Amino acid sequence: MLSSKMQEALNGQLNAELYSSYLYLAMAAYFEAADFPGFANWMRVQAQEELLHGMKFYDFIGERDGRVTLAAIEAPPAEWDSPQAAFEHVVEHERKVTGLINDLVELAGKEKDYATHNFLQWFVGEQVEEESSARAVLQQVKLAGDTGGGLFLVDKELAARVFTPPAAPAE
Ligand code: FEO
């Protein structure tokens with residue numbers, strides 16, 4: 001059974017993951033409008049992953065006999081100054097999410113909620129991946145500079161990313 005404090009915090013993270021999905025979908029729309037289908041594809045896959053993260057929280061709250069409550073999802077921005085600005089935003093956003101996960105781990109420890117503490121470890125590892133892959137794309141975009149040709153090549157590469165749903169249901 002979740003404490004009310006833990007339940008509230010997990011519902012807050014569910015909202016944060018859904019916002020992340022919304023943010024990346026907004027970036028997908030931005031890239032689609034700017035004729036960068038590969039960047040848009042990368043963002044669409046990212047948005048799907050975030051929805052999956054949100055569902056992991058949704059399912060876990062239910063498994064612990066808690067109650068899922070859905071709050072309003074904040075509207076994301078619609079425009080960025082450049083592909084580089086968008087990816088700088090991704091890196092900054094993922095760092096923020098890492099901070100939120102760390103706060104949850106700390107709360108689970110304080111509450112002596114070892115099941116939640118254990119559940120959160122997957123997200124601790126996932127955030128390392130998320131930050132690292134966002135930084136890698138940012139680096140590629142920076143190297144491409146403002147040259148159309150460089151960005152065209154990065155766009156082509158990002159078109160290959162596919163969403164791979166997990167084999168087992170989220171635990
Ligand atoms: Fe769900 Fe990108 O963190």
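Which residues form a nonpolar patch on the surface? Leu 51, Met 55 and Tyr 58 do, with about 270 Å² of accessible area together. This is a predicted model.

**The patch and its helix**

Take Tyr 58. Tyr 58 is found in helix H2, which covers residues 37–63. Its relative accessible area is 38%. Buried would mean under 20% and exposed over 50%, so Tyr 58 counts as partly exposed.

**Aromatic pairs**

A pair of aromatic rings is described by the distance of the centres and the angle of the planes. The structure holds 13 aromatic pairs. One of them joins Phe 36 and Phe 39. This pair is edge-to-face, with 5.3 Å from centre to centre and 80° between the planes. Phe 36 and Phe 39 are both buried.

Another aromatic pair joins Phe 57 and Phe 119. Here the centres lie 5.3 Å apart and the planes make an angle of 90°, again edge-to-face. Phe 57 sits in helix H2, while Phe 119 sits in helix H4, residues 114–144. The pair therefore ties together parts that are 62 residues apart in sequence. Phe 57 is buried, and Phe 119 is buried too.

Rings can also link up in a group. Tyr 30, Phe 31, Phe 36, Phe 39, Trp 42, Trp 80 and Phe 87 form a cluster through ring pairs.

**Charges over rings**

Arg 161 lies over the face of Trp 42, at 4.5 Å from the ring centre. The charged end of Lys 56 sits over the ring of Trp 122, 4.1 Å from the ring's centre.

**Salt bridges**

Side chains of opposite charge can pair when their charged atoms come close. The count comes to six salt bridges. The table gives some of them.

| Salt bridge | N to O distance |
|---|---|
| Glu 32 and Arg 44 | 3.2 Å |
| Glu 131 and Arg 95 | 4.0 Å |
| Lys 110 and Glu 106 | 3.7 Å |

Start with Glu 32 and Arg 44, whose salt bridge has its closest N and O atoms 3.2 Å apart. This pair links distant parts of the chain, twelve residues apart. Glu 32 is in helix H1, residues 4–33, and Arg 44 is in helix H2. Glu 32 has a relative accessible area of 39%, so Glu 32 is partly exposed. Arg 44 is at 46% and also counts as partly exposed.

Next come Glu 131 and Arg 95, whose side chains meet in a salt bridge. Glu 131 lies in helix H4 and Arg 95 in helix H3, residues 83–110. The pair therefore ties together parts that are 36 residues apart in sequence. Is Glu 131 buried or exposed? Glu 131 is buried, with a relative accessible area of 17%. Arg 95 reaches 48% and counts as partly exposed. Both residues belong to a network of salt bridges that also includes Arg 135.

The pair of Lys 110 and Glu 106 stays within helix H3. These two residues are four residues apart, about one turn of the helix. Lys 110 counts as exposed, at 65% relative accessibility. Glu 106 counts as partly exposed, at 49%.

Helices H1 and H2 are linked by Glu 32 and Arg 44. Helices H2 and H4 are tied by Phe 57 and Phe 119. Helices H3 and H4 are tied by Arg 95 and Glu 131.

Conventions
Residues are numbered from 1 along each chain as its sequence is written. This is a predicted model: local features need pLDDT of at least 70, side-chain atom pairs count only at pLDDT 80 or more; totals for chains, interfaces and linings use all residues. Side-chain values use heavy atoms; hydrogens and water are left out. Patches are made of residues with over 30% relative accessible area and no salt bridge: like charges are joined within 9 Å, nonpolar side chains (Val, Leu, Ile, Met, Phe, Trp, Tyr) within 5 Å. Accessible areas come from the Shrake-Rupley method with a 1.4 Å probe; for residues, only the protein chains shown count as cover. Buried means under 20% relative accessible area, exposed over 50%, partly exposed in between (1.4 Å probe, protein chains only). Rings of Phe, Tyr and Trp (its six-membered ring) pair if their centres lie within 6.5 Å; planes under 30 degrees apart count as stacked, over 60 as edge-to-face and the rest as tilted. A charge sits over a ring if NZ of Lys or CZ of Arg is within 6 Å of the ring centre and within 35 degrees of the ring normal.
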